[in-house]
Amino acid sequence: MCGNTMSLPLLDEAAIVPGTERETAVVIFLHGLGDSGHVWAESFSSIRLPYVKYICPHAPKMPVQLKNFVSVPSWFDLTGLSLDVVEDETGIKKAADCIKAIIEYEIKNGIPSHRIILGGFSQGGALSLYTALTCRHKLGGVIALSCWLPLHKSFPQAAGSNVNKDISILQCHGEKDPVITLRFGVMTSKKLKAIINPTNIQFITYLMQHCTCKEEMAAVEDFIAKQLPPV
């Protein structure tokens, strides 16, 4: 997935919304299963902050068991969407390493880690949570939309030194989501509160299905503005 240069191909091919002035912060946002970064880049272009660069990578195509082994854009394999499924531990960790490589690249190019927000929707949101909680750098926050925490049984041990124990997380979920049911969101919120400072977790639900809405994007905009103020 990443090759010898880790995630540079992933970054080079990403849909990017550049800042309109000197970039002092970055938002890395990961799309859901079967999607691409273009839709989310378009969404962020309408709520952009002038000093923030928005990076929306495209997941590589791979055979996915949930899709009867049809090749679709996917961050890792999915066998199902229930509590007792066998998770693709190797694939999840490999994908997380790719996203961490993007973080490393941005840090080397002058963006402090605490000025980087990681986020995603559905499978992408799941990967963003896992990546942030296992990252060795202190990040600026996580936007977790309609998702879950992968390999949740490995936490809190998987967090290691837990440099992000005080990270701020915006978690949103649709009350009528038929794909990743609200139950997953509630359980994820409860688990997150056992890993990081519970006062830093916002869990907001909306009257919607497995999608986003104007109210949710407004909350995302406010969260980014709060966590990444002008410098």
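Me: In which sense do strand E2 and E6 pair?
Reply: This is a predicted model. Strand E2 covers residues 25-30. Five bridges join E2 and E6, and their sense is parallel.

Me: Which residue in E6 stands opposite phenylalanine 29?
Reply: E6 runs over residues 116-121. The residue in E6 that stands opposite phenylalanine 29 is glycine 119.

Me: What is the strand order of the open sheet?
Reply: Seven strands form the sheet, and the pairing is mixed. Strand E1 (15-17) and strand E9 (201-206) each have a single partner strand, so they stand at the edges. Neighbouring strands are turned by 15° against each other on average, direction ignored. The order is E1-E3-E2-E6-E7-E8-E9.

Me: Which strands does H4 touch, and what angle does its direction make with that of E6?
Reply: H4 spans residues 123-133. The helix packs on the sheet and touches E2, E6, E7 and E8. Its direction makes an angle with that of E6 of about 145°.

Me: How many aromatic pairs are in the whole structure, and what kind is the pair of tryptophan 40 and phenylalanine 121?
Reply: A search of the whole structure finds five aromatic pairs. In this one the ring centres are 5.6 Å apart. The planes meet at 35°, which falls between the stacked limit of 30 degrees and the edge-to-face limit of 60. So the pair is tilted.

Me: How many residues apart are tryptophan 40 and phenylalanine 121, and are they buried or exposed?
Reply: Tryptophan 40 sits in helix H2 (residues 37-45), phenylalanine 121 in strand E6. The pair links distant parts of the chain, 81 residues apart. Both residues are buried.

Me: What kind of pair do tyrosine 130 and phenylalanine 155 make?
Reply: Tyrosine 130 lies in helix H4, phenylalanine 155 in the loop between strand E7 (141-145) and strand E8 (169-174). Both are buried. Their ring centres are 5.7 Å apart. The planes are at 75°, so the pair is edge-to-face.

Me: Which residues form one aromatic cluster?
Reply: Trp40 and Phe121 already pair. Both belong to the cluster.

Me: How many disulfides does the structure hold?
Reply: A disulfide needs two cysteine sulfur atoms within 2.5 Å. For cysteine 56, the nearest cysteine sulfur is that of cysteine 147, 15 Å away. For cysteine 211, it is that of cysteine 213, 6.9 Å away. The number of disulfides is zero.

Me: Is cysteine 56 buried or exposed?
Reply: The limit for buried is under 20% relative accessible area. Cysteine 56 has 0%, so it is buried.

Me: How does cysteine 211 count by relative accessibility?
Reply: Its value is 31%. That lies between the 20% and 50% limits, so cysteine 211 counts as partly exposed.

Me: How far apart in space are alanine 218 and isoleucine 47?
Reply: Alanine 218 is found in helix H6 (residues 214-227). At 34% relative accessibility, alanine 218 counts as partly exposed. In sequence, alanine 218 and isoleucine 47 are 171 residues apart. C-alpha to C-alpha, the distance is 8.1 Å.

Me: What is the radius of gyration of the chain?
Reply: The chain has six helices and nine strands. For 231 residues the globule rule gives 17 Å. The chain comes close to that, so it is as compact as a globular protein of that length. Its radius of gyration is 16 Å.

How values were computed: Residues numbered from 1 in each chain as written. Predicted model: local features only at pLDDT ≥ 70, side-chain atom pairs only at ≥ 80, totals over all residues. Heavy atoms only, no water. Phe/Tyr/Trp six-rings, centres within 6.5 Å; stacked < 30°, edge-to-face > 60°. Helix = DSSP H or I, 4+ residues; strand = E, 2+ residues; numbered from the N terminus. Buried < 20%, exposed > 50% of the residue type's maximum accessible area, 1.4 Å probe, protein only. Pairing = 2+ DSSP bridges. Axes fitted to C-alpha atoms, helices over the stretch in contact; angles between N-to-C directions. Contact = heavy atoms within 4.5 Å. Rg over C-alpha atoms; globule rule 2.2 N^0.38 Å.
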